[in-house]
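Keep the sequence and the model open while reading.

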Amino acid sequence: MFLSIKIFSWVLLVCCLYNVIHGASNVSVENAEMYSSIYEDINFVYSINYEQVSPKAIEIDTRPVSNTNLISFLLSVDMGNDLPLVTTYTKKDSDVIHYNGRINVDLQHNLNRLIVIFTLKNISETDYDKEYRCTAVYSSFEQPYANIVLLKAVPPKVYETTFFTSATIYLSIGLSYEFICRANGKPIPSVLWLLNETVISTGSGSAVLKFNNIQSDQNGNYVCRALNIGGVEHKNVSFLVIYINSGIFQSQIFNLSSTLNVDCNIDGVPTPIYKWFNPQGEFITSNKRLQIENLRNFGNFTCIANNIVGEKVFVFNANQSKHYQNAITLTLINGAFKLNQSSMVFACLLYMAFKLM
């Protein structure tokens, strides 16, 4: 028992001294998972960091994720020569054909760092769901390695939501709104909200479009775009800020038989439906502009406008000029007609003209 412990202690001491002499080493990767589309080329990049002695060989092998003890392909790079010697091993002859002409290894030295770039060309279905392991081979017991799992990219899919199924979304002016666009895929897609190709907001897997105190200048066709290495998907939604303003009372003096032209000064989105009424309450027209030639009816002309927001009223007062009011006026006083001063002068002139005839 004592002898076994002593032997183990000596072995441990030798290993420690070896690591001190040769320096520690590790293999690292930037991404432990990589995605690709079928038929693409992909580069697996490994970084081997060592303090003093570089590895005597580099091995790259493939293992199914479901069984990482099963090596289906192994590539060995002998670093003992001036030119690295690349050797490949496969479990089956069919694997030789599968990898033939599709692999490449590039080594880049930088001080105490070795970059290994393993290229796999023309990705096929059988290349997915596998570990691609890079091992730094030393004479010691420690064989540092790092894995990269290759997964098939799934194109993004934007979730169907109620606002994407409507042709136009109406938003009330001055209110605040929030719309979330979500998408799935592998890898998780980047999601963007855009207006006229200008990015408004972004996110991973989702993006939020916010409106605070929305105004009519924010109308437009907004696009949710989801993208990953597998592809791109778009969804469009049109936002329309709706409102209707109040009409402001107006008044103007007109001569008898003149022409009246006036616009109903109520605007809104969507465009309101207009109705004009005369001072007696009778319907005149459904145009926004009221036009009356040979004006003989004076008083308040009323425009009623409505859209999905509500109804507003505009009143235009057409006053008759007093000059024409006094031209000939008959006033009924106590049941008898009485001519005013202007009318009497006019009547006298008519009488004198009649006598001269």
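β11 and β13 run antiparallel and are joined by three bridges. Strands count as paired if DSSP finds at least two bridges between them. The strands themselves (E, at least two residues) and the helices (H or I, at least four) are DSSP runs, numbered from the N terminus. This is a predicted model: local features need pLDDT of at least 70, side-chain atom pairs count only at pLDDT 80 or more, and totals for chains, interfaces and linings use all residues. Residues are numbered from 1 along each chain as its sequence is written, and side-chain values use heavy atoms, with hydrogens and water left out.

**Strands and sheets**

V158 has A183 of β13 as its bridge partner. β11 and β13 belong to an open sheet of three strands, in the order β11-β13-β16, with antiparallel pairing. Its edge strands are β11 (154-158) and β16, each pairing on one side only. From one strand to the next, the twist averages 15°. That angle comes from axes, which are lines fitted to C-alpha atoms (for helices over the stretch in contact), with angles running from 0 to 180 degrees between N-to-C directions.

| Strand pair | Bridges | Residues facing each other |
|---|---|---|
| β1 and β3 (42-50) | four | S25 and Y50 |
| β14 and β17 (220-228) | six | V191 and A226 |
| β17 and β18 (231-244) | nine | G220 and F239 |

A hairpin of two residues connects β17 to β18.

**Aromatic rings**

The whole structure holds 16 aromatic pairs. Rings of Phe, Tyr and Trp (its six-membered ring) pair if their centres lie within 6.5 Å; planes under 30 degrees apart are stacked, over 60 edge-to-face, and the rest tilted. F164 and W193 are stacked, at 6.1 Å centre to centre and 25° between the planes. F164 sits in helix α3 (residues 162-165) and W193 in strand β14 (residues 190-195), so this pair ties together parts 29 residues apart in sequence. F164 is buried at 10% relative accessible area. W193 is buried too, at 0%.

F179 and F211 have ring centres 6.4 Å apart and planes at 75°, so they are edge-to-face. F179 lies in β13 (residues 177-186) and F211 in β16 (residues 206-211), 32 residues apart. Both are buried. Ring pairs link F163, F164, Y177, F179, W193, F211, Y222 and F239 into a cluster.

A charge also meets a ring. The charged end of R133 sits over the ring of Y145, 4.0 Å from its centre. The test is NZ of Lys or CZ of Arg within 6 Å of the ring centre and within 35 degrees of the ring normal.

**R102**

R102 lies in the loop between α2 (93-99) and β7 (103-110). Is R102 buried or exposed? R102 is buried, with a relative accessible area of 10%.

The R102 side chain makes a polar contact with the side chain of D127, at 2.4 Å. A polar atom of the R102 side chain also lies 3.2 Å from the backbone oxygen of N122. A polar contact is a pair of N or O atoms within 3.5 Å; within protein, one must be able to donate a hydrogen and the other to accept it, and residues adjacent in sequence count only if both atoms are side-chain atoms.

Leaving aside neighbours within four places in sequence, R102 is in contact (heavy atoms within 4.5 Å) with residues including T119, L120 and D127.

Conventions: Buried < 20%, exposed > 50% of the residue type's maximum accessible area, 1.4 Å probe, protein only.
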